[in-house]
Amino acid sequence: MKRLEVKKLDFSYGRNQILFEVDFTLEESQIGCLLGPSGCGKTTVLRAIAGFENPTKGEIVLNGNKLNGSNIFVEPEKRQIGMVFQDIALFPHLSVDDNIQFGIRSLPQTQRNRRSNELLELVDMSQFKKTYPHQLSGGQQQRIALARAMAPKPSLLLMDEPLSSLDEELREQLAREIRLILQQEKISAILVTHDQKEAFAVGDHICVMHQGRVQQNDSAYNLYHRPLNRFVAEFIGEGALLPGIVTSADTIATDLGEITGNLPKSCKHQDNVDVLIRPENVIIEDENENKAVITERYFRGSGYLYTLKTSGGAELLCLLPGSEGLQIDQSIGIRLQIERPVVFSRP
Amino acid sequence: MTNITSRMWRPSIVGTALILSVPILTIVFSVFEPPGENWQHLKDTVLPEYLGNSLLLTFGVGSGTLLIGVSTAWLTAMCRFPGKNLFVWLLLLPMAMPAYIVAYTYTGMFDFAGPVQTTIRDWTGWRYQEYYFPQIRSMGGAIAMLSLVLYPYVYLLGRSTFLEQSVGVMEVSRTLDCGPWTVFYRVALPLARPAIVAGLSLALMETLADYGTVAYFGLGVFTTGIFRTWFGLGDYTSAAKLAALLMLFVFALIIMERVSRNKAQYHNSSGKLTRFSEYRLQGFKAWGAFAICAIPIFLGFFLPAAQLSLWAMETWSEMVDDRFFELIRNSFLLGLGAALISVILALFLGYGKRILPGKTTIVSIRTASIGYAIPGTVIAVGVIIPFAWLDVRIDAFMKSSFGISSGLFFSGTIVAVMFAYVVRFLAISLQTVESGLDKIKPSMDDAARSLGYRPRETLFKIHIPLMKSSTLTALMIVFVDVMKELPATLILRPFDFNTLAVRAFELASDERLADSSTAALTIVIVGLLPVIFLSKTISQSRFDQGNTEI
């Protein structure tokens, strides 16, 4: 069942258009992520869903009910959408317990207490029930903010960069915890982030945005292995683009030999194209006639990441496990191993 | 925010700012008025005296407040010695003492006929002029009196920056083998300088604004000059021109304060606050620190308060009569009225700035709140000139159209007094209200709404509880400042209308020092309220969120 549908959303501040036909859906109990660099419009999408901004065009539908339209605008307090903020925004004059109970005032006291205790246990903060926000650390405050937003059992939970004010170490840990908590409570949620690790750790589906447009809405696997455009290919993961020429319906000729596989239909004979080469696509074969020179290397714990320069001048990345490192300026033979090439035609 | 509200709000903000800046604009434009007959004479005779005395007074009080304020701030922030925790808030007590009250109390004590000199003569048998005793009624005396009651400005801002300074920076200096004196001179003081200068400029604004002390001591400075020209010569344009000159000095101080406050933002860079290990003072050092803190408290508060109490015990039965209760009622109503108006305006402007940020709003609010720096005397002259002009016009219009005289509606009534108070004290309430508003992040509004609260409910559940204490503080501070206010009330009050401050000053000027003490003591006791409040805020440890703003 569809929990949320965002249909062709446009948004402008005055003459400045921020969003262009943003379109995606979120299924029941799923966690979606809006991922993109800062200023791409992802927070605006979230605020429009929450009802803090009114889109200039398009529709937002929650549980089959329209939230906005020509004569409709459901106020944020009527939407049953919970929100977790980047700056946490706990109420400083209320205790942890009162903060959590803030949104469930209509329940009788005993149920409110039960719900609050349940959530405190869920976020592992039971011993801090009576403390005040300023006595807690950033990570603890964000757990309470999450509990507060979940207390009314919202139809949808929105999280706006909830981890960005925390330390790196804590971030990954809390990201995983948040996923477990949301799954346990069966809450549909959208996380806004600029950090792909966070998006991969939390989201079932990730919607990559750039310059106010949705670039690709897909699983993490597909974003990595089947990026739809250059932006997604470059934004997600590591890799390089290798130039080549289409020589037949399933072949591209490059400096490093021919690459074969199903090509997109838009590729015509003799077209100039770029092929996405991920580090794991590059295989070292000493006897191979295709040579490349190592120009940089970085230690990556389980192995090294090398930057290679081909004889034709193209740069590639290559990840090799093991402790024995190849040296800079060393010339090596390489082979490309690509099952399904990702190809972009060159303008 | 709907468009209709914002369309109404912005013009109202601009309008409020314009109305409140009328007195200051009046004074500024008086510069371009053709000079009256007295102006040349004033310029040749007394102006150099006013200028010289004002500069001397400013310089003297500046040095005095820095000396007392910085030393006590450093000692109470960084050192541990007997009585320190008590001193932290006792050092604020002199703020409750209006300078003019301290001035005539000291005069009563140390004058030729006062108890101190009489005792000396009784013990030694010396007679008049056979011994040296410093003259209280002098420039030196005025500097001492004003320094004793104004140093808390420097102390407060200085102490809070010493506390907020990155503990890391201090500890790094200690690991680099710097002793306490070196840390003070090479690290702490340079870092705290902007905040100290901001405190100093506030103290100096008060110095330039002072009328009671200098008038009682018979010193010719700008404020007393304006009074003489206004009441003695009846020359309003010349008085306004003198006021304009005084304002020039004040503007210099405002710029100094603003620049320092901006710098201060960057100087206090500590992220996490941890406890700085204080220097433990022992032996003579501990007693030295004790004395440095105890002396200003004794001289600035306890000694004059004791003298006032002694006098009040002698005279209160005669002084507390129906007229006295009328004084209390007048002061109370003026204070309450001005406080309510200022706080309502402050809330209006503060929320305006939050909802409609932008240049227009910010410039308007800056303009509306400039009065805190302008001496009451100047504001009073700036109020009465346009109000009198307005009254004459209205009266003429009423006479010609309806054949009745409307008399004075604005000038010479409570309206003028109240208006001057609001112009002068709006900034204080605005600052307090804004510091309260700063604690309410915009995302808290959003959070409340996403949890099912309507905007009105958000106001009651989030804003009012969080704003309550700062609003009450603003009310109290303005109320007390109005109680103590002297020069603007003296110039603008309706005929036969007295307040506690005016009555105390009049009695003292008539050398009825003992008789004035009941009114003076009442002012001091009311003045203690905000001091107690402030001391509660600052004595909370630096781990708490209480921020000390003046």
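Of the 347 residues in chain A, 40% are buried, meaning that 20 or more other C-beta atoms, placed from the backbone, lie within 10 Å of the residue's own. Keep in mind that this is a predicted model, where local features need pLDDT of at least 70, side-chain atom pairs count only at pLDDT 80 or more, and totals for chains, interfaces and linings use all residues. Residues are numbered from 1 along each chain as its sequence is written, with chains lettered from A and ligands numbered from 1 in the order in which they are written.

**Chain A overall**
- Chain A has eight helices and 20 strands, taken as DSSP runs (helices: H or I, at least four residues; strands: E, at least two) numbered from the N terminus.
- Its C-alpha atoms fill a box of roughly 75 × 50 × 35 Å along the principal axes.
- Among contacts in chain A with a separation of 6 or more, 66% link residues 24 or more positions apart; a contact here puts two C-beta atoms, placed from the backbone, within 7 Å.

**Domains of chain A**
- Four residues from domain 1 of chain A and four from domain 2 of chain A make up the contact.

**Where chain B meets chain A**
- Here, 16 residues of chain B touch 17 residues of chain A.
- Helices H19 (442-450) and H20 (455-484) of chain B each supply at least two residues of chain B's side.
- H19(B) gives the largest share of that side, six residues.

Definitions and conventions
A residue is buried if 20 or more other C-beta atoms lie within 10 Å of its own, exposed if 12 or fewer, and partly exposed in between; C-beta atoms are placed from the backbone.
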